[in-house]
Amino acid sequence: MSLLTIKYFLSEAFKSLYRNRLLTFATIANVAICILILGAAVLLTLNASNIIDNLESDVEIVAFIDKDLADSDEDHLKNKIEKIEGIKSIDFVSKEEGLKRLQEKFGGLEYDLGSTLEENPLRNSFEIQVVDPHQVPEIAKKVEKLSGVYKVNYGQGVVEKLFQVTKWVRIVGLVTIVLLAFGAVFLISTTIRLAIFSRRKEIYLMKLIGATDWFVRMPFFLEGVFLGLIGAVIAILCLAVGYGSIIGHVDTVMFFSIITDMGLLINIYLILLGAGIILGILATYFSLNKFLDV
Amino acid sequence: MLVQFYNVSKIYPNGVKALDDVSLKIDRGEFLFLMGPSGAGKSSFVKMLFREEMPTRGQIFIASRSIVRMKRSEVPKLRRNIGIVFQDFKLLENKTVAENIAFAMEVVGSPHRQIKKRVTQVIKQVGLEGCENTFPGQLSGGEQQRVGIARALANEPLLLIADEPTGNLDIDTSLEIMDLLYDINRKGTTVIMATHARELVKAAHKRVVMLEKGQIISDTQNRYEEQPI
């Protein structure tokens with residue numbers, strides 16, 4: 001391919017963009033809005049699942065031990081629990097430690113639980129962390145069956161509901177992103193189809209004169225790529241500025257943490273940029289084939 | 001032999017039979033009129049020459065190559081050897097005369113210097129010197145058709161196909177266009193011209209093929225005078 005040919009493609013692409021400048025502007029705005037919504041949906045979903053992850057990882061199992069169990073039996077029990085599949089860590093909490101925590105919860109000095117209660121009513125316990133929070137109910141059941149375990153507590157009922165909610169948040173987020181991506185391809189290809197339609201006479205002529213398919217396609221691809229690229233850049237700038245100011249405000253006010261990892265954010269922006277280019281190419285490809293069949 | 005049609009039939013999906021078992025040979029350097037009423041199959045015949053349409057049955061050879069068996073990727077090469085002149089000119093309104101002609105060479109990837117030289121040459125050949133930077137909208141119909149012919153000649157085709165080239169022109173202008181086509185033919189290019197214009201054909205004394213209902217009903221084979229029209 002000669003330098004002249006490349007120059008021809010570029011000049012054809014930009015001439016056409018300029019000639020149909022209203023259409024060009026509409027398409028870029030179109031792409032920008034699509035990618036902006038797509039990016040916002042991605043950030044929202046990522047943040048939601050980040051919060052969900054934090055909530056989920058807080059779920060743990062507390063196994064209370066029979067009061068009259070000997071120390072050696074407690075060690076034995078600990079070994080047994082550790083052998084259950086999916087256990088991440090296990091901590092022994094003595095009843096004295098438990099009482100101390102309870103006291104702290106009640107404000108430390110204001111109530112002296114130790115003197116109010118004649119003897120410590122608590123039991124020794126194990127705090128069990130699991131690898132996959134979704135397995136908590138299942139593992140809790142196994143722990144409960146072991147001899148020496150008095151009772152198991154993991155927020156029964158609440159945990160199941162939390163998992164139900166988080167599952168739906170994830171599904172809805174994913175479906176939204178997929179739908180928006182389809183919408184973006186459809187809108188861009190419609191706009192590019194209009195641009196191509198206004199030049200169908202030229203395409204027909206080029207084909208009859210003996211232009212190859214790729215020669216006809218190339219300026220349109222450059223156009224599509226340019227439209228996708230500029231649209232994506234505008235969307236990413238808006239997203240970066242908007243999200244940046246959200247980080248600045250939310251971080252100090254809200255109780256939950258949002259994603260501030262710059263590396264991850266830059267990756268998301270780069271992916272959106274790539275998405276813009278790919279959308280442009282795909283949309284052009286689908287729009288052009290019909291007119292090339294001469 | 002430049003063009004050979006062997007038992008070519010064309011039936012459209014809607015059932016219309018445009019060509020019915022047509023066989024025909026056209027020599028290099030010939031000038032051939034294709035005549036017949038509307039719907040006789042002239043357009044289908046012409047469109048099959050540059051494979052805008054494929055025959056339903058039969059074989060077509062151009063310069064001894066079957067264009068029926070030709071791969072899709074080889075079609076551009078075939079078309080570069082064929083110049084096409086249209087009834088409605090099909091000029092690009094936003095390009096000047098010179099740009100319209102250069103366009104035909106740009107799309108086949110000719111080098112810049114060659115394009116410049118050739119464009120000057122064909123503009124002179126069709127008699128449009130001085131109109132290089134004019135836009136088609138500013139030209140008369142006859143002048144626009146000259147641009148169309150110049151564009152068809154730009155890539156030095158073996159075969160020039162003119163589909164009703166005078167259909168939109170008055171009789172005097174038509175005669176001028178015919179003179180230009182004879183001149184091109186004299187320089188060695190084979191010309192196939194589909195037309196309704198009996199007066200032009202009568203005056204020409206060239207080979208005439210008459211189509212009706214998709215069949216060849218007469219072919220003068222260079223003996224035009226013997227055939228009644």
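**Figure 1. The contact between chain A and chain B in the predicted model.** In this predicted model, the contact draws on 21 residues of chain A and 23 residues of chain B. About 2,000 Å² is buried between chain A and chain B, with 60% of it on carbon and sulfur atoms. Of the area that chain A buries against chain B, Leu205(A), Leu208(A) and Ile209(A) supply 31%, which is more than any other three residues.

**Figure 2. The salt bridge between Arg72(B) and Asp213(A).** Across the interface of chain A and chain B the rule finds one salt bridge, and the side chains of Arg72(B) and Asp213(A) meet in a salt bridge at 2.8 Å, N to O. Five residue pairs, both residues at pLDDT 80 or more, are found in polar contact across the interface of chain A and chain B.

**Figure 3. The side of chain A that touches chain B.** Two or more residues each are given to this side by H1, helix H8 (200–209) and helix H9 (213–253) of chain A, and H8(A) gives the most, with eight residues. By class, the side of chain A that touches chain B has eleven nonpolar, two polar and eight charged residues.

Figure 4. Helix H1 (3–19) of chain A, together with helix H3 (97–106) and helix H4 (112–125) of chain B, are the elements that give two or more residues to the lining; the largest share, seven residues, comes from H1(A). The lining divides into seven nonpolar, six polar and eight charged residues.

Conventions
Residues numbered from 1 in each chain as written. Chains lettered and ligands numbered in written order. Predicted model: local features only at pLDDT ≥ 70, side-chain atom pairs only at ≥ 80, totals over all residues. Heavy atoms only, no water. Helix = DSSP H or I, 4+ residues; strand = E, 2+ residues; numbered from the N terminus. Nonpolar A, V, L, I, M, F, W, Y, C, P; charged D, E, K, R; others polar. Contact = heavy atoms within 4.5 Å. Buried area = accessible area lost by both parts, 1.4 Å probe. Salt bridge = Lys/Arg side-chain N within 4 Å of Asp/Glu carboxyl O. Polar contact = N/O pair within 3.5 Å; in protein donor to acceptor, adjacent residues only side chain to side chain.
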